[in-house]
Number of protein chains: 2
Amino acid sequence: MGRIMEKELQELKDKLLRLGALVESQVERSVTSLVERDNMLAASVIDTDHEVNRLEVEIDEDCILLLALRHPEASDLRFVTTAMKIVTDLERMGDLAVDISERALEINEEPLLKPYIDIPRMARAARQMLKDALDAFVNKDAALARKVTESDDYVDNLNHQIFRELLLFMLEDPHTISRAIRISYVSKYLERIADHATNIAEMVVYLVEGKIIRHMDKA
Amino acid sequence: MGRIMEKELQELKDKLLRLGALVESQVERSVTSLVERDNMLAASVIDTDHEVNRLEVEIDEDCILLLALRHPEASDLRFVTTAMKIVTDLERMGDLAVDISERALEINEEPLLKPYIDIPRMARAARQMLKDALDAFVNKDAALARKVTESDDYVDNLNHQIFRELLLFMLEDPHTISRAIRISYVSKYLERIADHATNIAEMVVYLVEGKIIRHMDKA
């Protein structure tokens, strides 16, 4: 591989990691804005959105240029096309963090339903999955990518658990319904963030091993 | 453009339209399985999933080969990289149709809450958006793509309307909660299918005009 391409691929990795860190911080702040009822923090997540979008477009354009000028081959080519798919997932995770913040602003208008325990737990797991999925990508680490896909069940289970608990609240006291449903949305958004991390991890396994694991549980 | 590349790009368009038609049919059947309480039909949607996945992988590999062997330039290059992103959106729309079918199987276990009116309306709109977005892509028709992005509000509004109506059911009779929430999930899945169509349409506008409209409403 030529020295120029090597340098450009490294820059691409660095930018992707930067975008990943930005989105991770959005997810963290969005959930904190809910847990600590901090509307300023929620607003700050919504504010960061344009930075995420700008970086997404920039990385996409970098990839197009790389393809047009360097004609990468074999695994380098697959690396670049996978990066273009991953960047879309990252941007959508950022959008979901914005959605969480918007729900937080609404939920914070009403009295606290109950202290949040499982939601922060879910958020931690989803953030770790995002971080690991990106690390797996830049280091072509299929084992780490598989670890991410295995964590998805944990997040799904938490989502169901949260939902069942909220259902009990609603059944007992219909006045909690609108709050409970908004909280269930936050839980669902976190589940979708974890899904995106899983999608990334599955692409990494395919990139490294040529094996398609994304559809294995759906045969 | 060489005659070989022209032929290969045409084949790529044909396959994408075939995948689009398959997903459109999944969306239609999933909602019909709910409305007509037809569990066999729901199962058939789940069955088609592997075909969608196979076609997704095939198109992805076609694109990689095209990039590796033909080195498309300028707008052809962007067309191929955009196709690789679109195919991911299509596959996820197929997954959402499977989700709808799974909820339909659950909802069909319980008595009918009320006849479905807005859900089929949403489904029709979402399917039209999917169809138009793909047509806009293969014909590089930015005007049609913009029409798709404008339909997104209509679907979002229907989703909110359905949600408010279900909330009234739940408040009046807590026994309806589990059914109502599952129906609200179906509505949310349809909204996400429309979101994917919007994503595709936004990519088409960017492809044709170089303008980024996907983040305009979020500044």
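Begin by selecting chain B and chain A together in this predicted model: the area buried between chain B and chain A is about 3,800 Å², and carbon and sulfur atoms give 59% of it. If you then select the residues in contact, you will find 40 residues from chain B and 40 residues from chain A.

Next, look for the charged pairs, of which the count between chain B and chain A is six salt bridges. To see one of them, select Arg92(B) and Asp89(A), whose side chains meet in a salt bridge at 2.8 Å, N to O. Across the interface of chain B and chain A there are also 13 residue pairs in polar contact, with both residues at pLDDT 80 or more. Colouring chain B by element shows that helix 2 (39-70), helix 3 (74-107), helix 5 (142-172) and helix 6 (177-209) each give two or more residues to the side that touches chain A, and that helix 3 of chain B gives the most, with eleven residues.

Now turn to the symmetry of the pair. A rotation of 180 degrees, with 0.0 Å of shift along its axis, superposes chain B on chain A with an RMSD of 0.0 Å, which is the relation of a two-fold axis. To place that axis, select Lys85(B), whose C-alpha is the nearest to it in chain B, at 3.0 Å. The same surface serves both copies, since 100% of the contact residues of chain B recur in chain A.

Finally, select helix 6 of chain A (residues 177-209), which has 33 residues and reaches 47 Å from its first C-alpha to its last, close to the 48 Å expected at 1.5 Å a residue.

Definitions and conventions. Residues are numbered from 1 along each chain as its sequence is written. Chains are lettered from A and ligands numbered from 1 in the order in which they are written. This is a predicted model: local features need pLDDT of at least 70, side-chain atom pairs count only at pLDDT 80 or more; totals for chains, interfaces and linings use all residues. Side-chain values use heavy atoms; hydrogens and water are left out. Copies are superposed by least squares on the C-alpha atoms of residues with pLDDT of at least 70 in both. Contact means heavy atoms within 4.5 Å. Helices (H or I, at least four residues) and strands (E, at least two) are DSSP runs, numbered from the N terminus. The expected span of a helix is 1.5 Å times one less than its number of residues. Buried area is the accessible area (1.4 Å probe) that two parts lose on being put together, summed over both. A salt bridge is a side-chain nitrogen of Lys or Arg within 4 Å of a carboxyl oxygen of Asp or Glu. A polar contact is a pair of N or O atoms within 3.5 Å; within protein, one must be able to donate a hydrogen and the other to accept it, and residues adjacent in sequence count only if both atoms are side-chain atoms.
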